[in-house]
Amino acid sequence: MTDATQVNPPLLRLAGVRLDGLEPVDLALAPGELVFITGPSGAGKTRLLRAVADLDPHEGDIWLEGNHCDTFVPCDWRRRVGWLPTESHWWARSAADHFAGVPDDAALRNLNLEPVLMKRPVEQLSTGERQRLALLRLMANVPRVMLLDEPTASLDNGAASRVESLIRTYVKESQGAALWVSHDAGQTGRLASRHFRMHQGRLEAGDHP
Amino acid sequence: MIQLSPLDLALAALLVCLSAALTHALRLATAGRLLISAGRAFVQLLVVGLLLKLLFEQAGIAWVMAFALVMLAIAGYEIHARQHRAFAGGWGYGIGTVAMFLSSFTVTFLALAVIVNPDPWYTPQYAIPLLGMLLGNTMTGIAIALDRLTQSAHDKRGIIEARLSLGQSWRDAISDIRADSMRAGMIPTINAMAAAGVVSLPGMMTGQILAGTPPLEAVKYQIMILFMIAAGTIFGTIGAIWAASRRLFDPRERLRLDRLSIPQERS
C-alpha cells in the first residue's frame, strides 16, 4: 500500500491516527525537520510516539517515505522509526553488550561520555549517562525518523546542548526527521522547525518558532 | 495387606485436629483452612475411591476416557487458578490445558502401549494412576512456568518494549524471560529426580511396598514414572510457554499486556 495522494511524499505522514481519548492526528514530517510537541503530562504525547513506533494498537494510517506501516515487517519499521523512551531500559550486563558494534570513542566523547563507561555494569551508570548511551544505541540503527521522548530530561545544560546538536546534525545530514516531545520552552524555541501543543486530546499549532 | 478400619482413620484425623488446635493457639489464622482442606481431601479421596471402584468394574474405553478428560479439566482449572495474571478469556484456561493434554496424554499412552503393555492398553488399574501422576506433576510445572512468564512480562515491560523498539523481533525481545520461565517450570521435576530415594521415598513406590510388592519391582515402576514425569513436564512446559509467549504479542509484534486479566489477590 503506497500513499498515492502525494507526488513527493513527506518522510513521515500520519493520517487520522487515533488513540483512546485523543482526537485523530494528521501530521507530515519533511526531510530535515525537527517537529516539537509540548503539553502537560498525561496529555497523550508519549502515547502518540508509541503509536507511531507501532508499539500500541491504533486506528489510522502511517506512511514512511510513501510506504504504509503495515507493509513493513514490524522490526524493520521500528528500526527505521526509532522510539527513545524517557527512561532507558537495559537488559544485559554492560552498555557495550547492548550494541552490535561499539560506538567509537569520538562519538562517546562528543556526548561527554568516557569510553570506559561502555564496559561498566549498567546499574553503576548515572541516569544521564544511560540516557545518552540509549540515544547512541538508537542511532546505531540509523533510523530515518526518531521519536524522542524528552531526550534531555535528566541532563545538565552542557550535556543537553551536546545531545541537541548531535540530533540536529544527524537529522540534517541524513535528511531524516525527529518528532520531539519536550517540556523545555527554551529548547523548543532553539530547535523546532515546527511546534505543536497537545491540549485536551488535540494537537494544536504551538507558539514556536 | 493390612486393612485400615474407620477407627484407624479417626486416629489420623485426631492428629490433624491437634495440629489445627496448635495453629489456632499460635494465632496463625490457618486452622480454618487446614480443617477445610483436610475435609476436602477426605471427601475427594472417598469419592474418587468409589468412582475408581466403579470404573475398574466397568473397564470400557469410553468410561476410562471420560474419567481421564474430567481429570484433565480439573487440572486445567487448577493451572488457571494458580495464575496471578492469567490470560483473559478462553486463553487463560486453554493454553495450560491443551499443553497438558498433549504432553501428559501422549506420554501416558506411550507408557501404556509400549512399556507397561497391559491388556487391553487402557486397563484402568494402570491407565488412571499413571495419568494422574503425569497430570499432577505436569500441572505444577506448567502453572509455575506460565505464572513466571506473565508476571515477568508485566514487570519487564519496559525492557521488552525497548528491545522491540530497537528492532528486535518478539522472539528475541522475550527470549530471556521465556527461557527463565521454562526453567522455573522444570526445576521442581529435575530436583525431585535428584532427591528420589535419598531424601524422599516417592509416594507410588511407598504405596506399592506397603501393598506387598517386592522393593525392586516397586523401584522399577518408580523409575519409569519419574522418567515419564520428567519428559511430560518438560514437553508440557515448553509447549505452554511457547504458545503463551506468542499470545503475549499480536501480529504486529506489539506486547499486549491487555490480554492478561487483572491480577487476583494471592490466597
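Leu216(B) is exposed, because 7 other C-beta atoms lie within 10 Å (exposed meaning 12 or fewer other C-beta atoms within 10 Å of a residue's own, buried 20 or more, and partly exposed in between, with C-beta atoms placed from the backbone). The model is predicted, so that local features need pLDDT of at least 70 and side-chain atom pairs count only at pLDDT 80 or more, while totals for chains, interfaces and linings use all residues. Residues are numbered from 1 along each chain as its sequence is written, and chains are lettered from A and ligands numbered from 1 in the order in which they are written.

Leu216(B) belongs to helix α10 (residues 215-247) of chain B; helices (H or I, at least four residues) and strands (E, at least two) are DSSP runs numbered from the N terminus. Its C-alpha atom is 9.6 Å from that of Met205(B), eleven residues apart along the chain.

In chain A, strand β8 (residues 177-181) is largely enclosed by the rest of the structure, because five of its five residues are buried. Ala177(A), Leu179(A) and Val181(A) point one way from β8(A), and Ala178(A) and Trp180(A) point the other way. In a regular strand, side chains alternate between the two faces of the sheet.

Strand β3 (residues 34-38) of chain A runs parallel to β8(A), joined by four bridges (pairing requires at least two DSSP bridges), and Ile37(A) stands opposite Val181(A). Strand β7 (residues 145-149) of chain A also pairs with β8(A) in the parallel sense, over five bridges, with Met146(A) as the bridge partner of Ala178(A).
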